[in-house]
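Here is a report on one protein model. It starts with a single helix and then widens to the rest of the chain.

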Amino acid sequence: MLVTKQLFDPLYYPYPSKRMVTVSRNGMVASSQALASQVGLDILKKGGNAVDAAIATAAALTVLEPISNGIGGDAFALVWMKDELYGINGSGPAPKSISIDAVKSKGHSKMPVHGWIPVTVPGAPATWAALSERFGRLDLTTVLQPAIDYAEKGFPLSPVLASIWGKTYKENEQALTEEMYQKWFATFGMGGRAPQVGELWKSPNHAKTLREIAATKAESFYRGSLADKMVEFSSAHGGFLQKEDLKSYYPEWVQPISVTYKGHEVWEIPPNGQGLIALMGLNILNGFSLKEKESVDTYHKQIEAMKLAFTDGKEYITDSRDMSQSVEALLSDAYAEERRKLIQQEAMQPSPGQPPLGGTVYLATADGEGNMVSFIQSNYMGFGSGLVVPGTGIALQNRGHTFSLEEGHNNALKGGKKTYHTIIPGFLTKDDKAVGPFGVMGGFMQPQGHLQVVSNLVDFHLNPQAALDAPRWRWLKDKKIIVEPHFSSAIAEALERRGHEVAIHLDVEDFGRGQIIVRDPDTGTLYGGTESRTDSTIAAY
């Protein structure tokens, strides 16, 4: 029997809105933006592989969805290539000159959202170059050309993109009043306002920068003229980013980490990413038999497992060099059993355990040769820091906002350190064969989304589209959870009776946006699901 058919029935769709799973054979690209997915497909048709398609789609998304990511952000990827899984951590560290005392001396009691203080070294361009060098089939100039074309010639805004863009623009008009933010408004505004649905937005500076990244294989960004422009802007406004921070940066090839969940291996990038939280949650949940999806018992156990995992993650995850607990200890069966015992019939107030010693875009690609990529990229918190480097279109991330200014905290700010990172790509395998890439973007929703879609696929055999469309919940803190409007009111009321504090949220942004591709290892058939909560699509042939 096919692995795919053991996992799900492609025809089974238990929800009112019939958005069926996408099926193809030669190649597939799933992203949150229709034009970006088409870019990836075009690269596949030109002879590129899944890695080329992922890089092309990611670069295009810095133009086509700047509300969520940019050239000045970070990236992570899991790559299934020739029957092996590889991981790359493309997150950048804090500038070497920054410190808790330096930030506090500027009047801050916690890390700010905007400005130069939360800016960390951008890792995305170096990640594109490293992936291209190791696995790509086409040259980087060919792969980035579609993104360059969209930046130069423009594209019309889609509905969800325009809505979020407009809301953020209004918020930034109130928050970003200093001179150093004016390039942001010049880049992302049109005559003093945000672009509207269907209006053409273009960024010639963005195109120029992408062309330079392609021509130099990202060297200019870290050790050339683009680096000089970033450092000059930083120096002009009291930033901590210096030339040495960029010059010394390279992404890290890492060994992916995993847990076995109901016969499937679930893979994530190791810390500093929060993928460890998804694995801890699944490891706790692994000890329960979840018999029915739409039941209060299932939701209660999922929520409680995630609460415990998240509480541990927020306590311990940081730069891998500074973690006080090992990944092995946090993922041990003994620790999962210890945490599982805390789950009773009533909602708990979670606290960290003591293990035994020892603004984002997600995309998935697959080619006809069996290679697959799970890729995620972000500026964090929408457009990021609010800073755009003059003459470049580079919108800088504010990833350093997640650092703590509390001395002694695992994730305390330190120069040259990588912070707790929210963006996480996921991957499923079974019996040493690829099942496929999956991901759910959206800040701290991401590990919660990973747990929910994996459970939907593995426990309840939903196909990729149904697994994404299923109603989601999100734990906020303490006993507080939010649910989508189409979440069962009867189950929400039953969760309230178990002590959960449940609120309905109308904003779909609160529940993440995901993509899934599953490959049948016997036939090579690809099954794709794409997020119904945004302007997403699957391009396939």
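## Helix H19

Helix H19 covers residues 489-497, and its buried residues are Ile491, Ala492, Ala494 and Leu495. Their arc around the axis is only 160°, which puts them on the same side of H19. The arc is taken from the directions that run from the helix axis to the C-beta atoms. An α-helix has 3.6 residues a turn, so residues three or four places apart point the same way. On the face turned away from the buried side, H19 carries the exposed residues Ser489 and Arg497. Buried stands for under 20% relative accessible area, exposed for over 50%, and partly exposed for what lies in between (1.4 Å probe, protein chains only).

Helices (H or I, at least four residues) and strands (E, at least two) are DSSP runs, numbered from the N terminus.

## Basis of the model

This is a predicted model: local features need pLDDT of at least 70, side-chain atom pairs count only at pLDDT 80 or more, and totals for chains, interfaces and linings use all residues. Residues are numbered from 1 along each chain as its sequence is written, and side-chain values use heavy atoms, with hydrogens and water left out.

## Two positive phi angles

Lys82 is not a glycine, yet its phi is positive, at about 50°. Lys82 sits in the loop between strand S3 (74-81) and strand S4 (84-90). Its relative accessible area is 70%, so Lys82 is exposed.

Asp478 also has a positive phi, near 50°, and is a residue other than glycine. Its loop runs between strand S16 (473-477) and S17. Is Asp478 buried, exposed or partly exposed? With 31% relative accessibility, Asp478 counts as partly exposed.

Met190 is found in the loop between helix H8 (182-188) and strand S6 (200-201). At 25% relative accessibility, Met190 is partly exposed. Neighbours within four places in sequence aside, Met190 is in contact (heavy atoms within 4.5 Å) with Pro195, Glu199 and Leu200. Met190 and Leu200 are ten residues apart along the chain, and their C-alpha atoms are separated by 9.8 Å.

Leu144 belongs to helix H6 (residues 140-153). Its relative accessibility is 0%, so Leu144 counts as buried. Which residues does Leu144 contact, leaving aside neighbours within four places in sequence? They are Ile55, Ala59, Trp128, Leu210, Ile213 and Ala214. Phe185 is 41 residues from Leu144 along the chain, with 25 Å between the two C-alpha atoms.

## The whole chain

The protein chain holds 19 helices and 21 strands. Its C-alpha trace spans about 60 × 55 × 40 Å along the principal axes. For 541 residues, a compact globule would have a radius of gyration near 24 Å; the chain has 22 Å, which agrees. That radius is taken over C-alpha atoms, and the globule rule is 2.2 Å times the number of residues to the power 0.38.

Of the 541 residues, 65% count as buried. The accessible surface comes to about 18,900 Å², and 50% of this belongs to carbon and sulfur atoms. Areas come from the Shrake-Rupley method with a 1.4 Å probe; for residues, only the protein chains shown count as cover. The mean positions of the 52 positive and 59 negative charges are 2 Å apart. Lys and Arg count as positive, Asp and Glu as negative, while His and the chain ends are not counted. Each charge is placed at NZ of Lys, CZ of Arg, CG of Asp or CD of Glu.
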